Amino acid sequence: MVFPKNRLRRLRSSAATRSLMRETRVHPHDLIAPLFVVGAKVAAGPIASMPGQRRLSVDQAVAEAASLYQLGIRGVLLFGVTDQKDAIGKSAWDPKGPVPKALRALKKEVPGMTLFSDVCLCEYTDHGHCGVVKGQEILNDPSLPLLAKMAVVHAEAGADFVSPSDMMDGRVAVIREALDKAGLGQSGIMAYSAKFASAFYGPFRDAAGSAPSFGDRGSYQMGAANAREALREMESDREEGADILMVKPGMPYLDVLVQARRRFDLPLAVYQVSGEYSMIQAAAEKGWLDGPRTRDESLLAFKRAGADLIISYFAKAFAGDFQKRGGLDEGA
Ligand code: PBG
């Protein structure tokens, strides 16, 4: 059918009609809020490179999660920020570290929240790489038992889903086996499966103090040019026992998300990373973009592309505005 019989503008004639025709909606229940939790000697406070985000003490993380819960957010993803760093990242599996401490407190104080914890060595190693280093090389297999230890400590402390973000081969299988051996068969794995070596992580590395001291992450994270390889990463994580697959970053990789949605029936997560957040915040601060509208459009794009879960630093702000609108789409 062609014009003039066909007029697509009929579908957009009023706010009410547009609301009925709407194919995609974002709800606070879709969102996971990342939280940065500090160790004993690290100062809590605002993160300069991520306007609106803060490093939190354990107590502050509990209060933040409680207020997120009130706004309808049902998942938080924890990152540790510590000055306890060494060559192999030993403090990563210290049960008294910031993340296990926060997990225990959150399980107790905000029991309705689903707890995800980032499993990676880069915040705990003095060289800032995500695995064990020998010379200039990032070693795969020697890194696996360390990641498994870290995952078990997090799951024991209360993580519902451990979330390996290191991109070592075989980490999902090794973590699954370690969890099961420790009697943690109910603890799940959200795998950062298609994690690209991205310049969009810049602000996060500032926030978590995890920038690599030499080289880059190109030998373990994915190259930006490769979508088929990303699907192979997802396939192997699925076979190794991942419960949830993730694409990261979000907006620059929506094509990968679409392809993953067609191929996999597992829940799919997408991570709108620090650089995506800070770009929008910075432009909004300058008055070049309408912050809330740009935020909502970006979140909607992830749902339209097929994401079930959206990890976003905008989670709280979105949920706050959602509540103010009474959960209605008007204005979003
Ligand atoms: C740890 C990790 C990173 C992010 C999540 N987990 C940093 C990196 O890989 O360099 C990035 C998150 C963000 O930018 O918001 N490996």
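Select Gln221 and the ligand: a polar side-chain atom of Gln221 lies 2.9 Å from an oxygen atom of the ligand, a polar contact being a pair of N or O atoms within 3.5 Å. The model is a predicted one, in which local features need pLDDT of at least 70, side-chain atom pairs count only at pLDDT 80 or more, and totals for chains, interfaces and linings use all residues. Residues are numbered from 1 along each chain as its sequence is written, and side-chain values use heavy atoms, without hydrogens or water.

Select Tyr313 next; a polar atom of the Tyr313 side chain is 2.6 Å from a ligand oxygen atom. The ligand taken alone exposes 400 Å², of which the protein buries 100% (accessible areas by the Shrake-Rupley method with a 1.4 Å probe).

Now display the residues around the ligand. There are 18 of them, the closest being Lys195, Arg205, Lys248, Ser274 and Tyr313; a residue qualifies if one of its heavy atoms lies within 4 Å. By class, this shell has nine nonpolar, three polar and six charged residues.

Finally, turn to the aromatic rings. Eleven aromatic pairs are counted, with ring centres of Phe, Tyr and Trp (its six-membered ring) within 6.5 Å; planes under 30 degrees apart count as stacked, over 60 as edge-to-face and the rest as tilted. Select Phe79 and Phe204, an edge-to-face pair with 5.0 Å centre to centre and 75 degrees between the planes. This pair links distant parts of the chain, 125 residues apart: Phe79 belongs to strand E4 (residues 75–81) and Phe204 to helix H6 (residues 202–208).

Note on methods. A polar contact is a pair of N or O atoms within 3.5 Å; within protein, one must be able to donate a hydrogen and the other to accept it, and residues adjacent in sequence count only if both atoms are side-chain atoms. Ala, Val, Leu, Ile, Met, Phe, Trp, Tyr, Cys and Pro count as nonpolar, Asp, Glu, Lys and Arg as charged, and the others, Gly among them, as polar. Helices (H or I, at least four residues) and strands (E, at least two) are DSSP runs, numbered from the N terminus.
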